[in-house]
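Student: I have a multi-chain model open. Can you walk me through how to read its features?

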Amino acid sequence: MDIFLQQLVNGLTIGSLYALVALGYTMVYGVMKLINFAHGDLVALSAFVGLTVYTQIFGEGVSSLIAIIVVFVFTAAIIAFVGVLLERLAYRPLRTAPRLSAVVSALGAGLVIQNTIMLMWGPNMKIFPSNLFPQTLWDFGGVVMTFTQVMILGLSSVLMVALFLFINKTKMGTAIRATAIDQDAAKLMGINVNRIIMVIFIIGSALGAVAGLFIGIYYRGITFDMGWLYGLNAFVAAIMGGIGNIPGAMLGGLMLGLFNAMITGYISTQWAETFTFILLIVILIFRPTGILGEKVAEKV
Amino acid sequence: MSNINFNKNSVMAIGVLLVMGIFPLFVDSAWLAIGTTFLVFAVVAFSQDIILGRAGVFHMGHAMFFGLGAYTTAVLNVHFGWPILATWAPAVLVPLVVALLLAGPIIHLRGDYLLVATIGFNIIFIQVLQNNIFGITGGPNGIFGIDVVRVFGVELFEQTHMYYMAFILLGITLFIMKNLDQSKFGRAMFYINKDDVAAQSMGISIRYYKLYAFALGAGIAGAAGSMFAVQYSAVSPEAFDVISSIMFFTIVLVGGSASLPGVLLGTFVMFVLPEVFREFETARYLVFGLAMILTMILRPRGIWPVKFGNIPAFLKKDVK
Amino acid sequence: MSEYLLEVKNVSKFFYGLKAIDALSMKVKKGQIYGIIGPNGAGKTTLFNCITGIYTPEEGQILWMGKEIKGTAPHKIAELGILRTFQTIRLFSEMSVAENIMSGRHIKSKQKWYNGIIHTPAYYKDERENWEKVGELMEFFKLSQYATTPAGDLSYGVQRKIEMARALAAEPELLILDEPAAGLNENETLELAHTIKEIQKMGVTIMMIEHDMEMVMSLTEYITVINFGAKISEGVPAFVQDDPIVIEAYIGIDDEDES
Amino acid sequence: MRNMLPKVAASVAFCSALLGSAYAADVVKIGVQAPITGEYANEGQSIDNGVRLVIDQLNSKGGVLGKKLEVVTCDDEGAAQKAAICARKLVNEGVMAVIGSYTSGATQAAQTTYYRNKVLQTSDGTSDALTKEKYWTFFRNSFRNADQAEFTGKYLVNEKKYKRIVVLSDYSDYSLGLANSVVKAIKDAGGIVIYQGKVKEKSQNFSAILTKVKSMNPDAIYFSGYYTDGGLLRAQQAQLGINADFIGGDSNDNPDFMKLAGASASGTLMINFPTPDFLPYDTAKQFLKDYSAKYGVPVSSVWAIMNVDGLRAILYAAEQTKSFDTKTISTYLHTLKDFPGITGPVSFRDDGERINTKFNVYEVQADNSYKIINN
């Protein structure tokens, strides 16, 4: 039983990271109908920026609440800025172009970010100091949780609830939902679509930045090409939940994390990915637009 | 315009084929190897184009069919001792059948959902190879020591031989592409791509023609895979991973969907140029990414977009 | 064999629990020009979508020459000989006019599966015949000069003609026209009316939705009037024109009787 | 636009003609095929640096047999397919011998090409398969997995007396091969392997498989993969509170292992050929000094130096036989005995296998230094 609970904790931890990243995919998709393939690389960039911010401002070995807050806020701000820049330069000129052109542009942007990381930080693995977060460890009758894990679960839940409230309870959130449903109609209603898209990129990138920092802090080793791994998993999570749907991304992320942990723990390590994608494909066969995705009736 | 249009295309095609045909006379074997791979990749790109550019299916797992062809040749040759020539038919048929079986249940999915499903198939394929299924795929390192082609006791092992075999394969592919374009099958794919509701209402079965595109594309990719395996005398999983699929996907869109010169140009830009700029080392992919963005912004339909209006001359007599 | 070409019996279609069509029935005779009128949003296009298989109605029957076709896939419906045009023009806009019309020849083409890869003498014969048919239709609709022009580059009126030519290329039994005169000027409308008569003479049955009352009354032989998804009147034009219920429906939501 | 393709093709043809032009005959070319970029860039660059250092030193003394040496490097990114292209490129450049590559996969993919073109190749790849074909052109400058596995199995069972051993590997041919051999060696030595598992390279999250391992209550975890995963495995093992010794195969031997494992690095055991700092030979000390002086950083690992030894052995054979004929050199090398290498005496068998390797077991200390604990 404690093994099962431990796997549950493992799965939820990685799952909430996926969910944070998946939100970035799903929000952009919801409004722009674009798979932002560069998003995973933004996540990777955030880990590198975070490491540099930390070592430049505080130096290795310093661990304080202020350091943590500064690193998170500063990095999230930088990545949000890069996200907005990305939209301006690579996506906005293509808004009226065929859909796949924007996809290629996104793939190109991913390549640019990835190689910028490599040129700036080098091709070798960079390593986060182990003491940014306290190395505290709790043992609940055989189920072990670290301080970092608790932080990941806690902060990502807070962020997700906050996002949910923002989208559903605020005026800006309503405007975002309206734009997602019909951009032209939203424009007619006086909604500044460019501004909505900017907000989307700020929020999505900042959430991705938080995930990137957690990946750095939790797993320690970061490489310039790691964005692909997290990006793909998060993208799959977003699709599973129904891309464009915000609760769907959260659900998809957690599901993917849990499913992966359970498959690895109980069935097979070496076939874990195969099982994951079979699950995805089976879900899509029965629910062609994901678990929470709505069926869109084509207007004829 | 009128029927000069046909001749223009033919002149161009003959010109390109001529240049590619005499290319080996001027270069050393390293460039010949790059040239051969260019030809093979061009064939794969064309086969991807049938599915993506013509039928309009967002398919991002094409390297899988390429790999299936390569592994079919490798396995049959290395483990079962088949001569390479005998493996050609299975190398086309295996990917073709697999494509039908896999695409069947997911063909109704809409754009991006289908895209991620095809990525999924590709990833599963790689995992199957890496796990050395049935002990025949050789795990992560793949299969080495694939034989050369033997025709009437003559061994075709030199790079020049490889080049011309790939050249002939490209020629056959172009021939098929031309035939496809001028048949109801090629046209049906375009109709589905441009407006699926209208196409259906004209009596075109979306499912049938999308699967037709998948089968044909997979078969051609398999032939290219077989050639690829022979050229390198080795196959390994990483050559057929999702990154490669993304490359073929991008080639088609950067060059120009459904455009023969476009896809050829796309292959050149995406595969040969990086080899030319190898000297720039690490920065080259950065430049490359920027170029992808710029190309799409400046030419959203690709460098050399497709031109429709390929109709018999007698219908053009009233065209001013 | 039924005496009617098409019979719609008590067909209902729901969207999210709302009735878009409510127990509609109608009978179309072979060779007729059949009109369907009604205010905007009355469910006319939804009815066409049900007949052509794009939607499957929840209730009722749709009989084609006496056989049930409800739930049949759209491309199978077309193969039966029911072809249509769209209210919002749906052409393959990047492709040339000739290629657009050629799509109508799809179900008549006898090319075999391998003809997509290799061409045979039978293919050449078939291909030639189909293009010739396209040529005839382009002449009939006076489109020959645009043969190589992308359909999307042409004016609204010409695009309407291409859509009709495309549907006609399939040699339909029943041609369904969804507001063929929408967006046309007076001359074009007159020309259209003439063309529709010509098509009828070829032996094609026609069903049309139209808001241009003058055209409907002069062209059609029988009319069904729909409002809020249900039939409120039917009969020959003269009858329908004077039916008080129809007048009320139109005055109530008078948006366009002349355009 | 219409004429663009032929033009481009023609200019490519022209450029390649320039590239392929003949070189002066009084230069002997040495190829380096190594991962200069990518995951193993660290190692690849060290190999390249090491080779260039040796060649520069020789050239300043007048070269070999009166000929200057020139280095040509090709980046294979550690990938088999790129390696195959590199092989053709280097052969085309007319190299006499190729040093590298770092990974077994990339080495193997290039092997046949070098063999067919009579180019010598020496690599640190440890996969048993590398000498399977018995190509006369190939020389392994490190040791076989099988040797390391045999040593490991005996050490774990006979010296450490572990009773419940878990063996983990990644999916690479090298790591999987080593793990399989270790499992066999443990069984041969009378020990018990309670679980053999695989982790996906660079997947970072190993908690699921480690949780599974935890439930089996092992007393030792052996990992045959690379340090990038090994360090994380060790860290996550500690996080999950699994009380078992961690023993890393040779590829875990890298300073980054300690950084990744953090506080839990201490106490880890590693089985490897002597690391650079522990090389007792004078040539080694001199080489490491020169290397640091020239490049400002220490050599990344012993692998680069092994490759350098491969190069030195080949050049030594050339001098002894007064010939640059690869067949002659190969014949000489196949009977080479105790050539004083930087990494110890170099001797080859007739299948190109380096023989008489000695292994060490290191324990990582609290300050991340190594302590040799066998002998």
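Student: What share of the contacts in chain D with a separation of 6 or more joins residues 24 or more positions apart?

Tutor: Two residues are in contact if their C-beta atoms, placed from the backbone, lie within 7 Å. In chain D, 68% of the contacts with a separation of 6 or more are between residues 24 or more positions apart. Chain C also gives 68% on that count. Keep in mind that this is a predicted model: local features need pLDDT of at least 70, side-chain atom pairs need 80 or more, and totals for chains, interfaces and linings use all residues. Residues are numbered from 1 along each chain as its sequence is written, while chains are lettered from A and ligands numbered from 1 in written order.

Student: Why does the radius of gyration of chain D agree with a compact globule?

Tutor: The radius is taken over C-alpha atoms, and the globule rule is 2.2 Å times the number of residues to the power 0.38. For 375 residues a compact globule would have a radius near 21 Å; chain D has 22 Å, so the two agree. Its C-alpha atoms fill a box of roughly 65 × 60 × 40 Å along the principal axes.

Student: How much of chain D is buried?

Tutor: Buried means 20 or more other C-beta atoms within 10 Å of the residue's own, with C-beta atoms placed from the backbone. Of the 375 residues of chain D, 59% qualify. In chain C, buried residues make up 47% of 259.

Student: How many helices and strands does chain D have?

Tutor: Both are DSSP runs numbered from the N terminus: helices are H or I, at least four residues; strands are E, at least two. Chain D has twelve helices and 14 strands. Chain C has nine helices and ten strands.

Student: At what angle do helices H1 and H8 of chain A pack?

Tutor: Two packed helices are described by the angle between their axes and the distance between the axes. Axes are lines fitted to C-alpha atoms over the stretch in contact, and angles run from 0 to 180 degrees between N-to-C directions. H1(A) (residues 2-32) and H8(A) (residues 193-219) pack at about 165 degrees, axes 8 Å apart. Over 145 degrees counts as roughly antiparallel, so H1(A) is roughly antiparallel to H8(A).

Student: How many residues does each side give to the contact between chains A and B?

Tutor: Chain A gives 36 residues and chain B gives 32. H4(A) supplies the largest share of chain A's side, 13 residues.

Notes:
A residue is buried if 20 or more other C-beta atoms lie within 10 Å of its own, exposed if 12 or fewer, and partly exposed in between; C-beta atoms are placed from the backbone. Angles under 35 degrees count as roughly parallel, over 145 as roughly antiparallel, 65 to 115 as roughly perpendicular and the rest as oblique.
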